Amino acid sequence: MKNDDVTRKYREFLFPSVITYYEEPLPVVSGRGLVVRDAEGREYLDFFGGILTVSVGHCDEAITARVAEQLRTLQHASTLYPTIPAAELAERLASITPGSLTKSFFTNSGTEANETAILTAQHFTGATDVIALRHSYSGRSTLAMGLTGQGAWKIGRVAVPGIHHAHAPYCYRCPFRLEYPSCDLACARDIEELIRTETGGKVAAMLAEPVLGVGGFVVPPREYFQVAAAIVRAHGGLFIADEVQTGWGRTGGRWFGIEHFDVVPDIMTSAKGMANGIPIGWTVTTPEIAAGIQGLTISTFGGNPVSCTAALATIYRIGGDGLIENADRVGALLRGSIEEMKKDFPVIGDVRGMGLMVGVELVEDRGSKAPAPKAVARVIEETREEGLLVGKGGLYGNVIRFSPPMSVTKDEAEQALKILRAAFARL
Ligand code: PMP
(Lines give C-alpha, C1' and ligand atoms only; values in the text may rest on other atoms or scores of the structure.)
Protein backbone atom coordinates (compact mmCIF):
# COMPACT_ATOMS: atom_id res chain seq x y z
CA MET A 1 0.00 0.00 0.00
CA LYS A 2 1.24 3.50 -0.91
CA ASN A 3 0.84 6.67 1.18
CA ASP A 4 -2.16 7.76 -0.92
CA ASP A 5 -3.94 4.43 -0.50
CA VAL A 6 -3.72 4.64 3.30
CA THR A 7 -4.99 8.20 3.32
CA ARG A 8 -7.84 7.39 0.92
CA LYS A 9 -9.04 4.60 3.21
CA TYR A 10 -8.85 6.94 6.19
CA ARG A 11 -10.94 9.53 4.37
CA GLU A 12 -13.54 6.94 3.42
CA PHE A 13 -13.82 4.87 6.58
CA LEU A 14 -12.69 6.90 9.60
CA PHE A 15 -14.05 9.99 11.23
CA PRO A 16 -13.16 12.76 11.54
CA SER A 17 -10.97 11.37 8.76
CA VAL A 18 -7.34 12.50 9.06
CA ILE A 19 -6.20 15.24 11.40
CA THR A 20 -4.80 17.90 9.08
CA TYR A 21 -1.44 18.24 10.78
CA TYR A 22 0.41 18.44 7.49
CA GLU A 23 -0.87 19.68 4.12
CA GLU A 24 -0.65 16.05 2.99
CA PRO A 25 -1.17 13.37 5.67
CA LEU A 26 1.89 11.28 6.52
CA PRO A 27 1.11 7.58 6.94
CA VAL A 28 3.77 5.76 8.95
CA VAL A 29 4.26 2.03 8.65
CA SER A 30 7.30 1.12 10.72
CA GLY A 31 9.74 2.49 13.24
CA ARG A 32 12.98 1.70 15.03
CA GLY A 33 14.63 3.87 17.64
CA LEU A 34 14.30 7.51 16.57
CA VAL A 35 13.37 6.67 12.98
CA VAL A 36 9.95 6.06 11.42
CA ARG A 37 9.23 5.13 7.78
CA ASP A 38 6.27 6.05 5.60
CA ALA A 39 4.43 3.67 3.28
CA GLU A 40 6.91 4.43 0.48
CA GLY A 41 10.04 3.77 2.52
CA ARG A 42 11.03 7.38 3.30
CA GLU A 43 12.67 7.81 6.65
CA TYR A 44 12.04 10.52 9.21
CA LEU A 45 13.69 11.40 12.50
CA ASP A 46 10.84 11.42 15.01
CA PHE A 47 11.28 14.44 17.27
CA PHE A 48 7.69 14.34 18.51
CA GLY A 49 7.89 10.75 19.82
CA GLY A 50 4.34 9.79 18.92
CA ILE A 51 3.19 12.85 20.92
CA LEU A 52 5.52 12.16 23.88
CA THR A 53 4.47 8.52 24.01
CA VAL A 54 7.41 6.64 22.57
CA SER A 55 9.61 7.20 25.61
CA VAL A 56 12.55 5.00 24.71
CA GLY A 57 12.38 4.63 20.93
CA HIS A 58 10.16 2.86 18.43
CA CYS A 59 9.83 -0.92 18.67
CA ASP A 60 12.40 -1.14 21.45
CA GLU A 61 13.90 -4.66 21.47
CA ALA A 62 13.83 -5.20 25.23
CA ILE A 63 10.24 -4.01 25.68
CA THR A 64 8.98 -5.88 22.63
CA ALA A 65 10.54 -9.12 23.89
CA ARG A 66 8.86 -8.80 27.31
CA VAL A 67 5.50 -7.88 25.76
CA ALA A 68 5.68 -10.80 23.30
CA GLU A 69 6.43 -13.21 26.14
CA GLN A 70 3.49 -11.86 28.14
CA LEU A 71 1.19 -12.20 25.11
CA ARG A 72 2.06 -15.90 25.05
CA THR A 73 1.55 -16.24 28.81
CA LEU A 74 -1.60 -14.31 29.71
CA GLN A 75 -3.13 -11.64 27.52
CA HIS A 76 -6.20 -10.68 29.51
CA ALA A 77 -7.95 -11.68 32.70
CA SER A 78 -10.06 -8.57 33.57
CA THR A 79 -10.11 -6.58 36.78
CA LEU A 80 -11.85 -9.53 38.49
CA TYR A 81 -8.59 -11.44 38.93
CA PRO A 82 -5.28 -10.24 40.33
CA THR A 83 -2.38 -10.71 37.90
CA ILE A 84 1.37 -10.73 38.50
CA PRO A 85 2.22 -7.85 36.09
CA ALA A 86 -0.36 -5.49 37.69
CA ALA A 87 0.85 -6.35 41.19
CA GLU A 88 4.50 -5.88 40.25
CA LEU A 89 3.86 -2.65 38.38
CA ALA A 90 1.85 -1.09 41.23
CA GLU A 91 4.65 -1.99 43.66
CA ARG A 92 7.33 -0.55 41.38
CA LEU A 93 5.34 2.65 40.87
CA ALA A 94 4.94 3.11 44.61
CA SER A 95 8.74 3.11 44.86
CA ILE A 96 9.24 5.96 42.37
CA THR A 97 6.30 8.24 43.17
CA PRO A 98 6.80 11.23 45.47
CA GLY A 99 5.41 11.26 49.03
CA SER A 100 2.96 8.52 49.98
CA LEU A 101 1.37 8.13 46.56
CA THR A 102 1.26 4.36 46.74
CA LYS A 103 -2.22 3.27 45.63
CA SER A 104 -2.67 2.82 41.89
CA PHE A 105 -5.73 2.49 39.65
CA PHE A 106 -5.08 1.41 36.05
CA THR A 107 -7.13 2.40 33.02
CA ASN A 108 -6.42 2.77 29.30
CA SER A 109 -5.81 6.44 28.55
CA GLY A 110 -4.98 9.83 29.98
CA THR A 111 -8.62 10.84 29.69
CA GLU A 112 -9.72 7.97 31.92
CA ALA A 113 -6.87 8.63 34.33
CA ASN A 114 -8.08 12.21 34.77
CA GLU A 115 -11.72 11.09 35.07
CA THR A 116 -10.64 8.70 37.83
CA ALA A 117 -8.70 11.44 39.61
CA ILE A 118 -11.63 13.87 39.65
CA LEU A 119 -14.02 11.13 40.80
CA THR A 120 -11.62 10.19 43.59
CA ALA A 121 -11.21 13.81 44.74
CA GLN A 122 -14.96 14.42 44.72
CA HIS A 123 -15.58 11.25 46.79
CA PHE A 124 -12.90 12.13 49.29
CA THR A 125 -13.79 15.80 49.78
CA GLY A 126 -17.56 15.64 49.31
CA ALA A 127 -17.20 18.75 47.12
CA THR A 128 -17.73 18.95 43.36
CA ASP A 129 -16.11 22.15 42.08
CA VAL A 130 -12.81 21.76 40.24
CA ILE A 131 -10.16 24.30 39.26
CA ALA A 132 -8.43 23.75 35.92
CA LEU A 133 -5.99 25.88 33.95
CA ARG A 134 -6.47 27.95 30.84
CA HIS A 135 -4.28 26.60 27.98
CA SER A 136 -4.50 23.09 29.46
CA TYR A 137 -5.47 19.82 27.78
CA SER A 138 -7.10 17.03 29.78
CA GLY A 139 -8.61 14.59 27.27
CA ARG A 140 -11.66 13.95 25.14
CA SER A 141 -14.48 12.76 27.41
CA THR A 142 -17.11 15.35 28.29
CA LEU A 143 -15.54 15.95 31.70
CA ALA A 144 -12.01 16.07 30.27
CA MET A 145 -13.02 18.50 27.51
CA GLY A 146 -14.68 20.58 30.19
CA LEU A 147 -11.38 20.67 32.09
CA THR A 148 -9.46 21.53 28.91
CA GLY A 149 -8.62 25.20 28.58
CA GLN A 150 -8.35 25.48 24.79
CA GLY A 151 -11.33 26.17 22.55
CA ALA A 152 -9.99 24.20 19.59
CA TRP A 153 -10.14 20.96 21.60
CA LYS A 154 -13.65 21.44 22.94
CA ILE A 155 -15.96 19.84 20.42
CA GLY A 156 -19.64 19.23 21.09
CA ARG A 157 -21.32 19.89 24.41
CA VAL A 158 -18.63 20.56 26.95
CA ALA A 159 -20.28 22.95 29.37
CA VAL A 160 -19.50 20.89 32.47
CA PRO A 161 -20.88 22.59 35.59
CA GLY A 162 -18.48 23.22 38.42
CA ILE A 163 -15.24 23.64 36.43
CA HIS A 164 -13.46 26.97 36.82
CA HIS A 165 -10.45 27.97 34.75
CA ALA A 166 -7.64 29.82 36.47
CA HIS A 167 -5.23 32.04 34.53
CA ALA A 168 -2.31 30.09 33.11
CA PRO A 169 1.18 30.60 34.62
CA TYR A 170 2.35 31.67 31.16
CA CYS A 171 5.12 34.21 31.75
CA TYR A 172 5.79 34.97 28.07
CA ARG A 173 2.15 36.09 27.77
CA CYS A 174 1.45 37.00 31.38
CA PRO A 175 -2.33 37.39 31.81
CA PHE A 176 -1.62 40.21 34.28
CA ARG A 177 1.09 41.82 32.09
CA LEU A 178 3.57 41.53 34.94
CA GLU A 179 7.08 40.13 35.17
CA TYR A 180 8.40 37.31 37.29
CA PRO A 181 9.44 37.53 40.11
CA SER A 182 8.12 41.02 40.88
CA CYS A 183 4.65 39.75 39.89
CA ASP A 184 4.58 37.94 43.25
CA LEU A 185 2.85 35.08 41.41
CA ALA A 186 -0.33 37.02 40.73
CA CYS A 187 -1.61 34.14 38.57
CA ALA A 188 -1.40 31.67 41.47
CA ARG A 189 -2.81 34.11 44.03
CA ASP A 190 -5.77 34.84 41.75
CA ILE A 191 -7.01 31.29 42.43
CA GLU A 192 -8.17 32.54 45.85
CA GLU A 193 -10.34 35.14 44.13
CA LEU A 194 -11.57 32.56 41.61
CA ILE A 195 -12.71 30.22 44.40
CA ARG A 196 -14.36 33.04 46.33
CA THR A 197 -16.21 34.42 43.37
CA GLU A 198 -17.17 31.26 41.49
CA THR A 199 -17.76 28.62 44.15
CA GLY A 200 -19.42 28.34 47.54
CA GLY A 201 -15.92 28.34 49.05
CA LYS A 202 -15.21 24.61 48.98
CA VAL A 203 -13.55 22.83 46.07
CA ALA A 204 -12.83 19.17 45.32
CA ALA A 205 -9.55 19.73 43.51
CA MET A 206 -7.29 21.62 41.21
CA LEU A 207 -6.00 19.62 38.25
CA ALA A 208 -2.93 20.98 36.46
CA GLU A 209 -0.11 19.88 34.17
CA PRO A 210 3.34 20.68 35.65
CA VAL A 211 4.35 21.85 32.18
CA LEU A 212 1.44 22.74 29.87
CA GLY A 213 1.90 20.23 27.06
CA VAL A 214 -0.60 20.79 24.24
CA GLY A 215 -0.60 24.41 25.45
CA GLY A 216 2.93 24.79 24.05
CA PHE A 217 5.37 23.50 26.70
CA VAL A 218 4.70 26.41 29.02
CA VAL A 219 6.78 26.11 32.21
CA PRO A 220 5.28 27.79 35.32
CA PRO A 221 7.51 29.71 37.75
CA ARG A 222 9.20 27.49 40.37
CA GLU A 223 6.93 28.55 43.27
CA TYR A 224 3.68 28.51 41.27
CA PHE A 225 2.39 25.13 42.41
CA GLN A 226 3.30 25.69 46.07
CA VAL A 227 1.13 28.81 46.17
CA ALA A 228 -1.67 27.31 44.05
CA ALA A 229 -1.83 24.02 45.99
CA ALA A 230 -1.84 25.83 49.35
CA ILE A 231 -4.84 27.93 48.29
CA VAL A 232 -6.74 24.92 46.97
CA ARG A 233 -6.00 22.91 50.11
CA ALA A 234 -7.12 25.79 52.34
CA HIS A 235 -10.49 25.46 50.58
CA GLY A 236 -10.70 21.72 51.26
CA GLY A 237 -9.49 20.61 47.84
CA LEU A 238 -6.85 18.18 46.61
CA PHE A 239 -4.03 18.98 44.24
CA ILE A 240 -3.90 16.71 41.19
CA ALA A 241 -0.83 16.72 38.94
CA ASP A 242 -1.59 15.61 35.37
CA GLU A 243 1.66 13.89 34.42
CA VAL A 244 0.35 12.51 31.14
CA GLN A 245 3.07 14.38 29.22
CA THR A 246 5.52 15.24 32.00
CA GLY A 247 5.92 11.81 33.58
CA TRP A 248 8.60 9.11 33.14
CA GLY A 249 11.63 11.36 33.23
CA ARG A 250 10.52 13.49 30.30
CA THR A 251 11.30 16.74 32.18
CA GLY A 252 14.82 15.50 33.05
CA GLY A 253 16.36 14.87 36.45
CA ARG A 254 13.21 13.44 38.07
CA TRP A 255 10.63 10.77 37.32
CA PHE A 256 7.76 13.26 37.46
CA GLY A 257 7.47 16.89 36.38
CA ILE A 258 5.85 18.09 39.60
CA GLU A 259 8.97 17.04 41.54
CA HIS A 260 10.74 20.13 40.16
CA PHE A 261 8.27 22.35 41.99
CA ASP A 262 8.64 21.14 45.59
CA VAL A 263 5.01 20.11 45.96
CA VAL A 264 3.74 16.61 46.62
CA PRO A 265 0.40 16.14 44.86
CA ASP A 266 -2.52 14.33 46.51
CA ILE A 267 -3.25 12.54 43.26
CA MET A 268 -1.20 12.05 40.09
CA THR A 269 -2.30 10.84 36.67
CA SER A 270 -0.36 9.58 33.69
CA ALA A 271 -0.60 7.66 30.42
CA LYS A 272 1.26 8.34 27.11
CA GLY A 273 4.96 7.51 27.70
CA MET A 274 4.31 5.10 30.56
CA ALA A 275 4.37 1.93 28.41
CA ASN A 276 6.27 3.26 25.36
CA GLY A 277 3.13 3.26 23.20
CA ILE A 278 1.10 0.34 24.55
CA PRO A 279 -2.16 1.90 25.86
CA ILE A 280 -2.33 2.42 29.61
CA GLY A 281 -3.76 5.04 31.99
CA TRP A 282 -2.77 5.45 35.62
CA THR A 283 -4.10 7.29 38.63
CA VAL A 284 -2.19 7.15 41.91
CA THR A 285 -3.04 8.54 45.32
CA THR A 286 -2.47 8.06 49.04
CA PRO A 287 -4.00 5.14 50.99
CA GLU A 288 -6.19 7.59 52.89
CA ILE A 289 -7.66 9.18 49.76
CA ALA A 290 -7.96 5.84 47.95
CA ALA A 291 -10.07 4.55 50.84
CA GLY A 292 -12.73 7.10 49.84
CA ILE A 293 -13.55 5.04 46.76
CA GLN A 294 -15.84 2.29 48.00
CA GLY A 295 -18.10 -0.16 46.20
CA LEU A 296 -17.80 -1.56 42.73
CA THR A 297 -15.58 0.07 40.17
CA ILE A 298 -14.06 -1.68 37.22
CA SER A 299 -12.10 -1.05 34.03
CA THR A 300 -12.29 -4.10 31.77
CA PHE A 301 -8.96 -3.56 30.08
CA GLY A 302 -7.46 -1.42 32.83
CA GLY A 303 -4.42 -3.09 34.40
CA ASN A 304 -4.30 -5.77 31.72
CA PRO A 305 -1.16 -7.91 31.94
CA VAL A 306 0.25 -6.88 28.54
CA SER A 307 0.07 -3.12 29.22
CA CYS A 308 1.41 -3.59 32.74
CA THR A 309 4.33 -5.65 31.43
CA ALA A 310 5.10 -2.98 28.83
CA ALA A 311 5.03 -0.29 31.53
CA LEU A 312 7.34 -2.29 33.79
CA ALA A 313 9.78 -2.85 30.93
CA THR A 314 9.65 0.84 29.96
CA ILE A 315 10.34 2.00 33.50
CA TYR A 316 13.18 -0.50 33.73
CA ARG A 317 14.72 0.83 30.49
CA ILE A 318 14.37 4.48 31.53
CA GLY A 319 15.82 3.95 35.01
CA GLY A 320 18.46 1.38 34.06
CA ASP A 321 19.84 3.15 31.01
CA GLY A 322 20.18 6.65 32.45
CA LEU A 323 17.55 8.10 30.13
CA ILE A 324 16.35 10.67 32.68
CA GLU A 325 19.86 12.14 32.74
CA ASN A 326 19.98 11.92 28.95
CA ALA A 327 16.73 13.92 28.77
CA ASP A 328 18.46 16.64 30.76
CA ARG A 329 21.61 16.61 28.61
CA VAL A 330 20.04 16.50 25.15
CA GLY A 331 17.21 18.82 26.23
CA ALA A 332 19.77 21.43 27.29
CA LEU A 333 21.60 21.03 23.99
CA LEU A 334 18.39 21.56 22.00
CA ARG A 335 17.26 24.55 24.06
CA GLY A 336 20.69 26.15 24.05
CA SER A 337 21.16 25.75 20.29
CA ILE A 338 17.68 27.07 19.44
CA GLU A 339 18.26 29.97 21.84
CA GLU A 340 21.37 30.73 19.72
CA MET A 341 19.23 30.70 16.56
CA LYS A 342 17.17 33.50 18.08
CA LYS A 343 19.95 35.89 17.07
CA ASP A 344 19.49 35.10 13.39
CA PHE A 345 15.74 34.57 13.23
CA PRO A 346 13.49 37.27 14.73
CA VAL A 347 10.48 35.00 14.17
CA ILE A 348 11.59 33.10 17.31
CA GLY A 349 9.82 34.81 20.21
CA ASP A 350 10.44 32.40 23.07
CA VAL A 351 12.46 29.23 23.66
CA ARG A 352 11.46 27.28 26.74
CA GLY A 353 10.87 23.91 28.30
CA MET A 354 12.26 21.33 30.65
CA GLY A 355 14.24 18.23 29.80
CA LEU A 356 13.00 16.83 26.51
CA MET A 357 9.98 19.10 26.26
CA VAL A 358 11.34 21.95 24.18
CA GLY A 359 8.93 24.63 22.95
CA VAL A 360 9.70 27.36 20.42
CA GLU A 361 7.07 30.07 20.15
CA LEU A 362 6.99 31.95 16.83
CA VAL A 363 5.79 35.55 16.58
CA GLU A 364 5.18 38.12 13.83
CA ASP A 365 7.48 40.50 15.71
CA ARG A 366 9.02 40.45 19.15
CA GLY A 367 7.46 43.74 20.22
CA SER A 368 3.80 42.92 19.64
CA LYS A 369 4.32 39.17 20.18
CA ALA A 370 1.54 38.60 17.63
CA PRO A 371 1.37 34.81 17.20
CA ALA A 372 2.73 33.42 13.92
CA PRO A 373 0.89 30.13 13.30
CA LYS A 374 1.52 30.27 9.54
CA ALA A 375 5.27 30.36 10.13
CA VAL A 376 4.95 27.25 12.32
CA ALA A 377 2.93 25.49 9.62
CA ARG A 378 5.66 26.29 7.09
CA VAL A 379 8.51 25.17 9.33
CA ILE A 380 6.70 21.93 9.97
CA GLU A 381 6.24 21.30 6.22
CA GLU A 382 9.87 22.18 5.51
CA THR A 383 11.28 19.96 8.23
CA ARG A 384 9.07 17.10 7.11
CA GLU A 385 10.40 17.54 3.59
CA GLU A 386 13.94 17.19 4.99
CA GLY A 387 13.06 14.13 7.07
CA LEU A 388 12.34 15.57 10.51
CA LEU A 389 9.06 15.27 12.40
CA VAL A 390 8.30 17.88 15.05
CA GLY A 391 5.13 18.83 16.92
CA LYS A 392 2.89 21.84 16.91
CA GLY A 393 1.01 23.33 19.84
CA GLY A 394 -0.17 26.33 21.77
CA LEU A 395 -3.55 28.01 21.97
CA TYR A 396 -2.68 30.00 18.83
CA GLY A 397 -0.98 27.10 17.00
CA ASN A 398 2.28 29.08 17.00
CA VAL A 399 4.55 26.81 19.04
CA ILE A 400 6.89 24.17 17.63
CA ARG A 401 7.34 21.28 20.05
CA PHE A 402 10.34 18.96 20.30
CA SER A 403 9.89 15.85 22.42
CA PRO A 404 11.93 13.01 20.92
CA PRO A 405 12.20 9.61 22.59
CA MET A 406 14.50 9.96 25.63
CA SER A 407 16.98 7.58 24.01
CA VAL A 408 17.84 10.36 21.51
CA THR A 409 21.57 10.84 20.98
CA LYS A 410 23.54 14.07 20.70
CA ASP A 411 24.21 13.27 17.02
CA GLU A 412 20.52 12.87 16.28
CA ALA A 413 19.81 16.16 18.06
CA GLU A 414 22.46 17.91 15.99
CA GLN A 415 21.01 16.46 12.80
CA ALA A 416 17.56 17.78 13.80
CA LEU A 417 18.98 21.21 14.66
CA LYS A 418 20.62 21.46 11.25
CA ILE A 419 17.33 20.73 9.50
CA LEU A 420 15.52 23.21 11.74
CA ARG A 421 18.04 25.98 11.09
CA ALA A 422 17.69 25.45 7.33
CA ALA A 423 13.91 25.60 7.62
CA PHE A 424 14.08 28.90 9.51
CA ALA A 425 16.51 30.26 6.92
CA ARG A 426 14.02 29.46 4.12
CA LEU A 427 11.10 31.19 5.90
N1 PMP B 1 -3.66 15.05 29.82
C2 PMP B 1 -2.68 15.58 29.08
C3 PMP B 1 -1.73 16.55 29.71
C4 PMP B 1 -2.53 15.23 27.74
O5 PMP B 1 -1.56 15.79 27.00
C6 PMP B 1 -3.42 14.29 27.18
C7 PMP B 1 -3.29 13.85 25.73
N8 PMP B 1 -2.74 14.75 24.86
C9 PMP B 1 -4.45 13.77 27.99
C10 PMP B 1 -4.51 14.16 29.31
C11 PMP B 1 -5.42 12.78 27.45
O12 PMP B 1 -4.79 11.56 27.21
P13 PMP B 1 -5.42 10.50 26.19
O14 PMP B 1 -5.35 11.09 24.82
O15 PMP B 1 -4.55 9.29 26.39
O16 PMP B 1 -6.82 10.25 26.64
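In which helix is the place of leucine 312?

1. Leucine 312 has its place in helix 10, and alanine 311 lies in this helix, residues 305-320. Helices (H or I, at least four residues) and strands (E, at least two) are DSSP runs numbered from the N terminus. The model is a predicted one, in which local features need pLDDT of at least 70 and side-chain atom pairs count only at pLDDT 80 or more, while totals for chains, interfaces and linings use all residues. Residues are numbered from 1 along each chain as its sequence is written, and side-chain values use heavy atoms, with hydrogens and water left out.

2. Alanine 311 is buried, with a relative accessible area of 0%, and leucine 312 counts as buried at 12%. Buried means under 20% relative accessible area, exposed over 50%, and partly exposed in between (1.4 Å probe, protein chains only). For leucine 312 and proline 85, 227 residues apart along the chain, the C-alpha separation is 7.9 Å.

3. Ten aromatic pairs are present in the structure. The rings of tyrosine 21 and phenylalanine 48 are stacked, because their centres are 6.4 Å apart and their planes are at 15°. This pair links distant parts of the chain, 27 residues apart: tyrosine 21 belongs to the loop between helix 1 (3-13) and strand 1 (28-32), and phenylalanine 48 to the loop between strand 3 (43-46) and helix 2 (49-52). Tyrosine 21 is partly exposed at 27% relative accessibility, whereas phenylalanine 48 is buried at 8%. Rings of Phe, Tyr and Trp (its six-membered ring) pair if their centres lie within 6.5 Å; planes under 30 degrees apart count as stacked, over 60 as edge-to-face and the rest as tilted.

4. Tyrosine 137 and tryptophan 153 form an edge-to-face pair, because their ring centres are 5.4 Å apart and their planes are at 80°. Tyrosine 137 lies in the loop between strand 5 (130-133) and helix 6 (142-147), and tryptophan 153 in the loop between helix 6 and strand 6 (163-166), so the pair ties together parts 16 residues apart in sequence. Tyrosine 137 is partly exposed at 23%, and tryptophan 153 is partly exposed at 40%. Elsewhere, ring pairs link Tyr224, Phe225, Phe239 and Phe261 into a cluster.

5. Two charged side chains sit over rings. Lysine 369 lies over the face of tyrosine 172, 4.3 Å from the ring centre, and arginine 384 over the face of tyrosine 22, 5.0 Å from the ring centre. The criterion is that NZ of Lys or CZ of Arg is within 6 Å of the ring centre and within 35 degrees of the ring normal.

6. The residues around the ligand include Ser109, Asn114, Tyr137, Glu209, Asp242 and Lys272; a residue is near a molecule or strand if one of its heavy atoms lies within 4 Å of it. Helix 5 (residues 110-125) gives the most to this shell, with three residues. An N or O atom in the side chain of threonine 111 is 2.5 Å from an oxygen atom of the ligand. A polar side-chain atom of glutamine 245 lies 2.8 Å from a ligand oxygen atom, and one of lysine 272 lies 3.1 Å from a ligand nitrogen atom. A polar contact is a pair of N or O atoms within 3.5 Å; within protein, one must be able to donate a hydrogen and the other to accept it, and residues adjacent in sequence count only if both atoms are side-chain atoms.

7. A cis peptide bond joins phenylalanine 15 and proline 16, with omega about 0°, and another joins tyrosine 180 and proline 181, with omega about 5°. Proline 16 is found in the loop between helix 1 and strand 1, and proline 181 in the loop between strand 6 and helix 7 (186-198). Cysteine 59, a residue other than glycine, has a positive phi near 50°; this cysteine 59 is placed in the loop between helix 2 and helix 3.
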